Amino acid sequence: MTATTAAPADIPVRVRVRTKRLVLYTVLVSVTGLFLGPFGWLVLSGLKTQGELAASPVHWLPDTFQWHNFADAFTQIDFLGYARNSLIIALLYATLVTLSSAWVGFGFARLDAPGKKVLFGILLASMMLPQMVTLLPTYLIFAKVGMVDTYWPWVLWGLSAAPYLVFLFRQFFAGMPRELEEAAIVDGCGYTSIFWRIFLPQSWSVLSASFIIAFTWTWGDYIAPQLLLSTDRTTLAVAVMTAYVNDGGTPVPELQAAASVMYVVPILLIFLIAQRGFVAGMSTSGLK
Amino acid sequence: MTVDQISPVADRPGGGRAAPSDAGRASAARRPRVSMTARRHRAFYLFTSPWIIGFLLLTVAPMVYALWLSFTTFDGISPNWKYVGLGNYRELLNDPVTWDALGRAGLFAITSVPLSIIAGLALAVLVNRPVKARGLFRTLLYLPAVVPPVGAGLAFKLLFDPNSGATNGVMTFLGFEAIGWLADPYVRYVLLMTVLWGAGNVMIISLAGLQDVPRELHEAARIDGASAWRTFRSITVPLLSPVLLFQTVTGMIASVQTIMPLLLAPLGDTSGVTTVPQSNYLYMMHVFAQYFALGRYGYASALLWVLFVLILIATGLIFKFTSGVVFYNVDPEAKK
């Protein structure tokens, strides 16, 4: 069919298609370059000397690559200590919130009771509530009960499930066949063991998507640790942002750049490794 | 009581009756059913309780606490705080700084949200073409969206540094004047660009939607001689409209609570708000300043409640005005 319509103008069409493709690839490559630019510049900045970073007409490339900046970033501040704090909080929160959200999601997907519709409505509506609006008064309450400068807030947040992830799990569990739990009920299983033994083992894709999403949130969060934790218990995000200063209080931008590359790269790697599940999770929750 | 009553009904000691009557069998079968329903109800609340309790303790309670604080002069230090009724709200309405910050936040929302949606949609259409290494392009374009805010803020600060940044380097090379990107009034454009940098998010979600658009629709349009733009406008956009609505709402909420102005500002005091240039002094920055720099918890809580109500109104309006426009492609077979 296409052959008959294309035949009379065969050559011009082919030329037009080729130029079209050329334009398409040019646009694609330059847009991608533009998107990678900021990160590339960050890496490059981490390889310059302080003088090169302050030079007034821009000093495009470092004269020699200052790889030692990356080593110095470890010694200027307790980089590993902050990274450990970040890791503890992120693992703690991501593990707890994934389990609790799966648990709650199972309830919304597989069980019902009077009031379920209203509760689900509240769950969806609470996604529209900016975290920042509740965070500030929550901070005052945490201060009152002595939980400032501890990791308890992340435990509590983790235990109480995140609406976005609950929704993710609900969508997933709702699509699983009914026979799964019917057979289990006949065998005398309670809902708790149905959840643990039947639903969870089949949910690795969503579990890992949820874990990665939660881990990335917490690793990237700046404001909660900034508010809740003191300077030596705080996370890498806060340290990278605020701790790279001289005794006089002037920033050390080349070390800061090197440190923030090392702060960002783990997240990029996690994303690249787990890309498929991550993206699938993002799009299911976004669509429905 | 327990579910094992269901299957082995026949084996249970039925009271020694050899042949149970119809009525007896029916009630024996029904009884576990009823307790099953009760069990399901109890189980539902058992399963949802972590969220319900968490929501009450970590969302409702702080909001109520903030509402109470908003009627007081509480500052966390002075023991002589007092109840002032609507005083904070009256002060807020008469404070030009509040109105300016609100105006800037509104402007930021109505520029950044549509721009990032358009950019994300354009990227989605671009990488939905059959090109080589399509997956690689998708990954690379999405990557900035996972860069944590602190990394993104620092990258943009270095890129737009008035002296040593690449942007001014390119501009002077092309014969333009260098610009003080990180100061008033230009820093607002840098803020906007940090949002656009994350457009991969919209791209990925729209891409999933684009792939759901039935092929026949595109083919039918092509046979009818519709132009590419016309096809995009009349087929792709309507079918993507639920996704776009979702992006509008989440984008608006993200724009309200962004801390990027703080991260783009020069390193200042711990809360940093005092160094944020005027044009990036959005509503949330105003809240921060009142909260941390001044410790006016009562007044800041009033600001938060006003914001909360405004977001409710804005979300309501978005849903109202899009209810006739958003097209839900409901598959009749998928209906339950």
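Reader: How many residues does the contact take from chain A and from chain B?

Author: Bear in mind that this is a predicted model. Looking at the contact between the two chains, chain B gives 75 residues. The count for chain A is 78.

Reader: Which element gives the largest share of the side of chain A that touches chain B, and how do the residues of that side divide by class?

Author: The largest share is twelve residues, and these come from α2(A). By class, two residues on that side are charged and 20 are polar. The nonpolar count is 56.

Reader: What are the ipTM and pTM that the model scores?

Author: Both scores are for the model. The pTM comes out at 0.86, and the ipTM at 0.88.

Reader: Now for chain A by itself. Into which domains is it divided, and how far apart do their C-alpha centres lie?

Author: Chain A splits into domain 1, residues 2-68, and domain 2, residues 77-287. Between the C-alpha centres of domain 1 and domain 2 of chain A, the distance is 35 Å.

Reader: Which element gives the largest share of the side of domain 1 of chain A that touches domain 2 of chain A?

Author: The contact between these domains takes nine residues from domain 1 of chain A and six residues from domain 2 of chain A. On the domain 1 side, the elements giving two or more residues are α2 (10-45) and α3 (50-54) of chain A. By class, that side has one charged, three nonpolar and five polar residues. The largest share is three residues, from α2(A).

Reader: Which residues of chain A does the UniProt annotation "domain: ABC transmembrane type-1" cover, and how far apart are the end C-alpha atoms of that span?

Author: According to UniProt, in an unreviewed entry, the annotation covers residues 83-274 of chain A. Residues 83-274 of chain A are 73% helix and 0% strand. The end C-alpha atoms of the span lie 21 Å apart.

Reader: Where does UniProt list "transmembrane region" in chain A, and how much helix is there over residues 194-219?

Author: The unreviewed UniProt entry lists residues 22-44, 87-106, 118-142, 154-173, 194-219 and 255-274 of chain A. Residues 22-44 of chain A are 100% helix, with end C-alpha atoms 30 Å apart. For residues 194-219 of chain A, the end C-alpha atoms are 33 Å apart and the helix content is 85%.

Reader: And in chain B, how much helix is there over the residues 139-160?

Author: UniProt (unreviewed entry) places "transmembrane region" at several spans of chain B, including 43-68 and 139-160. Residues 43-68 of chain B are 100% helix, and their end C-alpha atoms are 35 Å apart. For residues 139-160 of chain B, the ends are 25 Å apart and the helix content is 68%.

Reader: Which residue has a positive phi although it is not a glycine?

Author: This one lies in the loop between α7 (131-144) and α8 (152-159) of chain A. Its phi is about 70 degrees, and the residue is Asp149(A).

Reader: Over which residues of chain B does pLDDT stay under 50?

Author: Chain B averages a pLDDT of 83, with 86% of the residues scoring at least 70. One stretch under 50 has 15 contacts beyond four places in sequence, and that is residues 1-30 of chain B. Another has zero such contacts, and that is residues 331-336 of chain B.

Notes: Residues numbered from 1 in each chain as written. Chains lettered and ligands numbered in written order. Predicted model: local features only at pLDDT ≥ 70, side-chain atom pairs only at ≥ 80, totals over all residues. UniProt positions renumbered as here; feature names shortened; annotations may be inferred. Helix = DSSP H or I, 4+ residues; strand = E, 2+ residues; numbered from the N terminus. Domains from an automatic or database assignment. Contact = placed C-beta atoms within 7 Å. Nonpolar A, V, L, I, M, F, W, Y, C, P; charged D, E, K, R; others polar. pLDDT = per-residue confidence, 0-100.
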